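Dear colleague,

Please find below the structure that I am handing over to you, together with its sequence. My notes on what was found in it follow directly after.

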Amino acid sequence: LDEWEAMVHNIKNLQEEVEIALVGKYTSLKDAYLSISEALLHGGLFNNARVKIRWVAAEELEQNSNSCQELLRGVNGILVPGGFGERGLEGKIAAVRYAREQKIPFLGICLGLHCAVVEITRNLCGLKDAHSTEFVPGCLHPVIDLAEEQREVENLGGTMRLGISPCRLQQNTKAFNAYQDEIIYERHRHRYEVNNAYRSQLEKAGVVLSGVSPDDRLIEIIELKNHPWFVATQFHPEFKSRPNRSHPLLRDFVGMALRHRREGSLS
């Protein structure tokens, strides 16, 4: 039990504190994000810091143009988690933009990646009608769309992309620096993917496709070049995090948020 006892001792004697905003749809029922909140605590433990979560209801970020400034001011990191349904979606997209423009460490998970791609294509690629066909089936620029094999599927539950899948990482990226491996295996739970038709426009806007499926067909991780730490994943890293073995991405995200708190700005 030596390792576990040392971990408990560290938990009781954390030296620093970092505040991370979790922008979601179900923030009034915090257990809905239990896997993520626990994974953040694991990342904090690795970095010898107590993680304080600021629960931000995505819908509240839609109220006026100053909502992000009012509700996200002072946080050291912003996380947009997975979820289903359109409620609060534009608030999540607004949170992504705030993190990108203010150079605040950002982690998007599943729907959080979709929001990041929509925000980037709208505001950096100039595609104002960019959206996900999950919410706007006939949108002009379907930057998030059904995977090809899902187009004829009608029964949603058991036909999602579920379970562990391999991902190939690009070297000299934040993802590769975190994992220190070329092939990783992560758990998925979704049907919609980044539309490959927009790959070149995303890359021209400064997006790095740092993780893709081994056959290069599916985009798994994106990053931004001109940002201290902006990473979004199609998979759910929180599912593999443990108290004594923080997930590499959660570990590095919390670490960069801690650096942001110390230095005030990472730009």
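In which loop is Asn64 found? The model is a predicted one, and in it Asn64 belongs to the loop between β2 (49-57) and α3 (67-72). With a relative accessible area of 37%, Asn64 is partly exposed. The side chain of Asn64 makes polar contacts with the backbone: a polar atom of this side chain lies 2.8 Å from the backbone nitrogen of Asn66, and the side chain also reaches the backbone nitrogen of Ser67 at 3.0 Å.

I turn next to the strands β1 and β2. Strand β1 covers residues 16-24. Of its 9 residues, 7 are buried, so β1 is largely enclosed by the rest of the structure. β1 and β2 pair in the parallel sense, over 9 bridges. Within this pairing, Leu22 stands opposite Trp55 in β2.

The side chains of Arg54 and Glu19 meet at 3.0 Å, N to O. Arg54 is in strand β2 and Glu19 in strand β1, so this pair, 35 residues apart, links distant parts of the chain. Glu19 has a relative accessible area of 16% and is therefore buried, the limit being under 20%.

How many salt bridges does the model contain in total? The count comes to 13.

- Arg122 and Glu90 form a salt bridge whose closest N and O atoms are 3.0 Å apart. Arg122 lies in helix α5 (residues 111-123) and Glu90 in helix α4 (residues 89-101), so the pair ties together parts that are 32 residues apart in sequence. Arg122 is buried, at a relative accessible area of 13%, whereas Glu90 is partly exposed, at 36%.
- Arg259 forms a salt bridge with Glu263, and here the closest N and O atoms are 3.1 Å apart. Both residues belong to helix α8, where they are 4 residues apart and thus separated by about one helical turn. Arg259 is partly exposed, with a relative accessible area of 37%, and Glu263 also counts as partly exposed, with 48% relative accessibility.
- Arg97, Arg100, Glu101 and Glu119 are linked in a network of salt bridges.

The next group of strands is β7, β8 and β10. Strand β7 (residues 161-169) and β8 pair in the antiparallel sense over 8 bridges. Here Pro166 stands opposite Tyr185 in β8. β7 is also joined to strand β10 (residues 207-212) by 2 bridges, and these strands run antiparallel. Leu169 stands opposite Gly211 in β10.

Strand β8 consists of residues 183-190, and Ile183 lies in it. Together with Ile164 and Tyr185, Ile183 makes a nonpolar surface patch of about 290 Å². The relative accessible area of Ile183 is 33%, and the residue is partly exposed.

Is His247 buried or exposed? His247 counts as buried, because its relative accessibility is 3%, and the limit is under 20%. Its place is in the loop between β12 (230-233) and α8 (248-263). If its neighbours within four places in sequence are left aside, His247 is in contact with Tyr179, Glu186, Pro237, Lys240 and Ser241.

Finally, two residues deserve a note on their backbone angles. Most residues other than glycine have a negative phi. Lys103, however, has a phi near 60°, a positive value in a residue other than glycine. Lys103 is found in the loop between α4 and β4 (106-109) and is partly exposed, with a relative accessible area of 25%. Asn172 likewise has a positive phi, near 60°. Asn172 is placed in the loop between β7 and α6 (174-179), and at a relative accessible area of 74% Asn172 is exposed.

With kind regards

How values were computed. Residues numbered from 1 in each chain as written. Predicted model: local features only at pLDDT ≥ 70, side-chain atom pairs only at ≥ 80, totals over all residues. Heavy atoms only, no water. Patch = residues over 30% accessible without salt bridge, like charges linked within 9 Å, V, L, I, M, F, W, Y side chains within 5 Å. Areas by Shrake-Rupley, 256 points an atom, 1.4 Å probe, with all protein chains shown as cover. Salt bridge = Lys/Arg side-chain N within 4 Å of Asp/Glu carboxyl O. Buried < 20%, exposed > 50% of the residue type's maximum accessible area, 1.4 Å probe, protein only. Polar contact = N/O pair within 3.5 Å; in protein donor to acceptor, adjacent residues only side chain to side chain. Contact = heavy atoms within 4.5 Å. Pairing = 2+ DSSP bridges.
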